[in-house]
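Please examine the sequence and the structure shown here.

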2 protein chains.
Amino acid sequence: MNINRIERLRSKLRELGADGALIGDAVNRRYFADFTGSAGLLYVDMERTALFVDFRYTGLASKQSEGWEINEVSGKRFTRSLAESADFSGRKLLIGSDSFTLDVFEVMREDFPKSDFVLKPRIWARLRAVKDVGEIEILRRAAVLADKGVEFMISLLKEGISEAEVAIQLEHFHRTNGAEDKAFDPIIAFGPNSAMPHYAPSRDVKLKKGDTVLMDSGARVDGYHSDITRTVFFGDPTSEMAHIYETTFESQLLGLETIRAGVDDVAVDRAVREFIDSHPEYEGMFGHGLGHGIGLEIHELPVLGKMDEGAPLEENMAVTVEPGIYIPGKGGVRIEDDVIVTADGCEILTRFPKELMVI
Amino acid sequence: MNINRIERLRSKLRELGADGALIGDAVNRRYFADFTGSAGLLYVDMERTALFVDFRYTGLASKQSEGWEINEVSGKRFTRSLAESADFSGRKLLIGSDSFTLDVFEVMREDFPKSDFVLKPRIWARLRAVKDVGEIEILRRAAVLADKGVEFMISLLKEGISEAEVAIQLEHFHRTNGAEDKAFDPIIAFGPNSAMPHYAPSRDVKLKKGDTVLMDSGARVDGYHSDITRTVFFGDPTSEMAHIYETTFESQLLGLETIRAGVDDVAVDRAVREFIDSHPEYEGMFGHGLGHGIGLEIHELPVLGKMDEGAPLEENMAVTVEPGIYIPGKGGVRIEDDVIVTADGCEILTRFPKELMVI
């Protein structure tokens, strides 16, 4: 059992004056109980750590969730079984308001007619934002695989290969090298398509001399995600694209230098954005946020973006740093690394070279 | 624009006395508006079909969602932009209570302070359960790929290959043959592992003579999922496993024969379950539901299971039929096809042979 995580959860209960927490989503079941089944409910209070699963998962739960009380529920009304397992009258139950749908909450209120609910958004996501030693070790391994994936993709770049073919080969490379899955659908964009930050690779777009090649990909290893972007040139870039590259590269280094524990997350985005916007020709061309937390989810807290409320970065948070400059119709450059926030800076997990590369 | 789907949605509005519907989940955005972006909100009333997206997706939305009013939202508070686009005072807004989380609903109530909400669980899932001609055509293509995948996996079965290697090669086969993705993580189980209906393939379990080989997999094609299971024997099966096979096979044919429009979904499960349970040695060994709807989700309505409320099957519903018999410690057999419900029976989409096969 992961005592530290349970202790942090219990601190939250104390802080909010709640008696127990109900957790029903896959990511948090895995985080707190190491349980990877597709359905189940966790209940944690000051005495109990209980897992409610259906018949399919009792074996798996016994193996994975050491030290937890395992309850087999017939049917799938987990909350009713929990309600029947103790007296919850007058108790305050904490739930994450972002991880329960309205219909499930309706059932929950029926099952606990005499309890009060404390609803908090993103409460477990906030806990998960700061990684422990074991998580950082897995993120390092996921990053190594992301690096190898970039190297592999570059080895594929030949005239006539399609964007989709690069994506398909990469996914297979990750899987055969130990990934559980891709971290997300890779973005492979040739030429002007690289100007679209959320492009989907096409089977019809073939590589040709002079193309910018933007590759955004990652691997999932033991549940944890890596996320790397490199942009290379297939043949010499125009002087405009080369300048975009160098500006993006400088801005990314600036982002990495700005990060350290105590700095406001929004301020990191702002520093990079102001640098890019200080080039009149690129003003407003960095159209997305600077980065996001990574962990059991590919996008988690904290958010490095201009729209966020703003909060200081903490030691051992894991974030991406991924500025980009996009010129519609021409092309775009994005450079992205995964880092761990440290007291005086950051540890960069992804190591593939970032100097302008011509294939 | 898909007029039929919009008309069915509008009929629901009339039926429930609602003025408009808000739809915020990916599957239903795709179903109603052909929009595949990762974020966005649909609003449909008797006059408007409106899509609210952020800057990343305006281009994609214009391309995919022909005939829809496209609104670009700065930031991501889609509901506020919708609220500002018209007067919603006193209007009744319909939402699916299974597709909005509590925190999003909270924001929604702030954005529409003078509106009433009508909450219905699974309302769009029920509409989607009956497929139209275009959907059935895509499901047929997805099933062809599922069949080819089984043939491919059988060609891989050599002494010493691991469960995970079969899974990894299959995923790559599906991708290179036109699938967008796997339909779900394939279940490849050798020997006694085949007795666990929700097993995850291992890199350490290698194929050996005498093993039962259970393969449950599928492909996603244009958003739609196929799902097929075949169980074969690597070397002659024991007479016990052979009998389990023949009994499962018979039960599966019985399930297929029972299906037709008008028959209660629970009754189809019951017929197959009673048949299996009529063999004293297998009583209670069919531990899961008989089948589930397939479409834009891998598990959708209707449910063919003993726990369901029960409702008549309708023409053009798409379901799996997948009985299994599992003997812990020894092995299990599952045989699964995808079918379309017709007026007098069903069209079987997956065609890979089902006779007992020894490799």
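Which residue is the bridge partner of Phe190(B) in S9(B)? The partner is Val213(B). The model is predicted, with local features requiring pLDDT of at least 70, side-chain atom pairs counting only at pLDDT 80 or more, and totals for chains, interfaces and linings using all residues. Residues are numbered from 1 along each chain as its sequence is written, while chains are lettered from A and ligands numbered from 1 in the order in which they are written.

Strand S9 of chain B spans residues 211-217 and is joined to S8(B) by 4 bridges, the two strands running antiparallel. Strands (E, at least two residues) and helices (H or I, at least four residues) are DSSP runs, numbered from the N terminus, and two strands pair if DSSP finds at least two bridges between them. In chain B, 3 strands form an open, antiparallel sheet in the order S8-S9-S12. Its edge strands, each pairing on one side only, are S8 (187-190) and S12 (228-234) of chain B. On average, neighbouring strands of this sheet are turned by 10° against each other, direction ignored. Helix H7 of chain B (residues 133-156) packs on the sheet, where H7 touches S9 and S12 of chain B and its direction makes about 20° with that of S12(B). Such axes are lines fitted to C-alpha atoms, for helices over the stretch in contact, with angles from 0 to 180 degrees between N-to-C directions.

Another strand pair of chain B is a hairpin: S16(B) and S17(B) have 3 residues between them, and Gly329(B) in the turn has a positive phi of about 85°. Strand S16 (residues 324-327) runs antiparallel to S17(B), to which 4 bridges join it. Within this pair, Gly324(B) stands opposite Arg334(B). Strand S17 (residues 331-334) of chain B is covered on both faces, with Gly331(B) and Val333(B) buried on one side and Gly332(B) and Arg334(B) buried on the other. A residue is buried if 20 or more other C-beta atoms, placed from the backbone, lie within 10 Å of its own, exposed if 12 or fewer, and partly exposed in between.

How are the two chains related? Chain B can be laid on chain A with an RMSD of 0.0 Å by a turn of 180° and a shift of 0.1 Å along the axis. The two copies are therefore related as by a two-fold rotation axis. This superposition is by least squares on the C-alpha atoms of residues with pLDDT of at least 70 in both copies. In chain B, the C-alpha nearest the axis belongs to Thr101(B), 2.0 Å from it.

The contact between the chains takes 23 residues from chain B and 24 residues from chain A, two residues being in contact if their C-beta atoms, placed from the backbone, lie within 7 Å. Helices H5 (102-111) and H8 (163-176) of chain B are the elements that give two or more residues to the side of chain B touching chain A. H8(B) gives the most, with 5 residues.

Chain A is divided into domain 1 (3-129) and domain 2 (133-348), with bounds from an automatic or database domain assignment. Their C-alpha centres lie 35 Å apart.
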